[in-house]
Amino acid sequence: MRNVAVFASGSGSNFQALLDHQACGDLPVSFVLLVGNNSKATAFERARAAGIATLHIAPSHFDDYAEYTNRLMAALEQRSVDVIALAGYMKKLPPELVACYRNRILNIHPALLPAFGGKGMYGAHVHTAVIESGVKLTGVTVHLVDEEYDAGPIVVQEPVRVLDEDTPETLAARVLAAEHATYWRAVKAAAEGTLTVTGRRVSGHV
Ligand code: GRF
C-alpha cells in the first residue's frame, strides 16, 4: 500500500473526498500525513477526525528557508511518503522537495489549464475570470507539480459547462463537485505507478 501525504490550507473538501473514496475501498492507499500552513484550516479537523497525523508548518516558523525545507522533507521521509496530493495548498513548495518527489506530486486546479492558472488564480478569482472571459467550458485539471504555479504536465481534465445564469459561486460549486469525483482517480493512478511521463505528456488510465 502506497503512503500519501496531503497538503491543504483551507476547507479541505478535496482531502475529505479522498478520505471518503479510501474509506469505501475505491482508493487503496494509506493517508499518512496532512500538512498545512494554517492551523485554523478545517483540513486539520478532518485529519484529526480520520486519525491522520498532522504537521502545521510554514516558512515563517523558521529563521531561514533551508531549515523549513529540511523539517518538511524530514517529516515526509519519516513517514515514507510515496505520493503527495496538494488539495487547496496555498504555499509554493520548496524546489528541493519538488525535485525529490518529481512526478509524484499532484495538484488539483478548478479550471482547464493552461487557461485560468498561475499566480493569483485561485478560489473565486478563477471562476470570476472564467465567466468574464465568456468561455462556455471550464472544468477540473489535475497536474503534476513542477517549480511553477499550475504549470506541470496534465494528468486528467474533466469539463464543466458554463451556464448563462452562472455566478462565480454557482460555477464554483459545480466545479468543486467535479473535483471531488476526479481527484481520487488521479491519486490512485499515481500511487499505483501507472502514469508514464514523456516530456509534457502523461499517459495511463485515470
Ligand atoms: C479547490 O478548488 C482546488 O481546485 C484548489 O483549491 C480549492 C480547494 O478546495 N486548488 P478545498 O479546500 O479542497 O475545499
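Reader: Is Cys-24 buried or exposed?

Author: The model is predicted, and local features need pLDDT of at least 70, side-chain atom pairs count only at pLDDT 80 or more, while totals for chains, interfaces and linings use all residues. Residues are numbered from 1 along each chain as its sequence is written, and side-chain values use heavy atoms, with hydrogens and water left out. Buried means under 20% relative accessible area, exposed over 50%, and partly exposed in between, with a 1.4 Å probe and protein chains only. Cys-24 has a relative accessible area of 52% and is exposed. Cys-100, at 40%, is partly exposed.

Reader: How many disulfides are counted?

Author: A disulfide is a pair of cysteine sulfur atoms within 2.5 Å. By that rule the count is zero.

Reader: How many helices and strands does the chain have?

Author: Helices (H or I, at least four residues) and strands (E, at least two) are DSSP runs, numbered from the N terminus. The chain has six helices and nine strands.

Reader: Which residues of helix H1 are buried, and what covers them?

Author: H1 spans residues 13-23, and its buried residues are Ser-13, Asn-14, Phe-15, Ala-17, Leu-18, Leu-19 and His-21. Their cover includes strands S1, S2 (29-36), S4 (83-86) and S5 (105-109), together with helices H2 (42-49) and H6 (168-192). Just after H1, Gly-25 takes a positive phi of about 95°.

Reader: What does Asn-3 touch?

Author: Contact means heavy atoms within 4.5 Å. Leaving aside residues up to four places away in sequence, Asn-3 touches Ser-30, Val-32, Arg-79, Ser-80, Val-81, Asp-82 and Val-83. Asn-3 belongs to strand S1 (residues 2-7) and is buried, at 16% relative accessibility.

Reader: Where does a polar atom of the Asn-3 side chain lie relative to Arg-79?

Author: A polar contact is a pair of N or O atoms within 3.5 Å; within protein, one must be able to donate a hydrogen and the other to accept it, and residues adjacent in sequence count only if both atoms are side-chain atoms. Here a polar atom of the Asn-3 side chain lies 3.2 Å from the backbone oxygen of Arg-79.

Reader: How many aromatic pairs does the structure hold?

Author: Rings of Phe, Tyr and Trp (its six-membered ring) pair if their centres lie within 6.5 Å; planes under 30 degrees apart count as stacked, over 60 as edge-to-face and the rest as tilted. The structure holds three such pairs. One of them joins Phe-62 and Tyr-68, with centres 6.0 Å apart and planes at 55°, so this pair is tilted. The pair of Tyr-65 and Tyr-68 is tilted because its planes also stand at 55°, with centres 5.2 Å apart.

Reader: Where do Tyr-65 and Tyr-68 lie?

Author: An α-helix has 3.6 residues a turn, so residues three or four places apart point the same way. Both tyrosines lie in helix H3 (residues 65-78), three residues apart, about one turn of the helix. Tyr-68 is buried, at 0% relative accessibility, whereas Tyr-65 is partly exposed, at 38%.

Reader: Which residue lies over the face of Tyr-149?

Author: A charge sits over a ring if NZ of Lys or CZ of Arg is within 6 Å of the ring centre and within 35 degrees of the ring normal. Lys-92 lies over the face of Tyr-149, at 4.8 Å from the ring centre.
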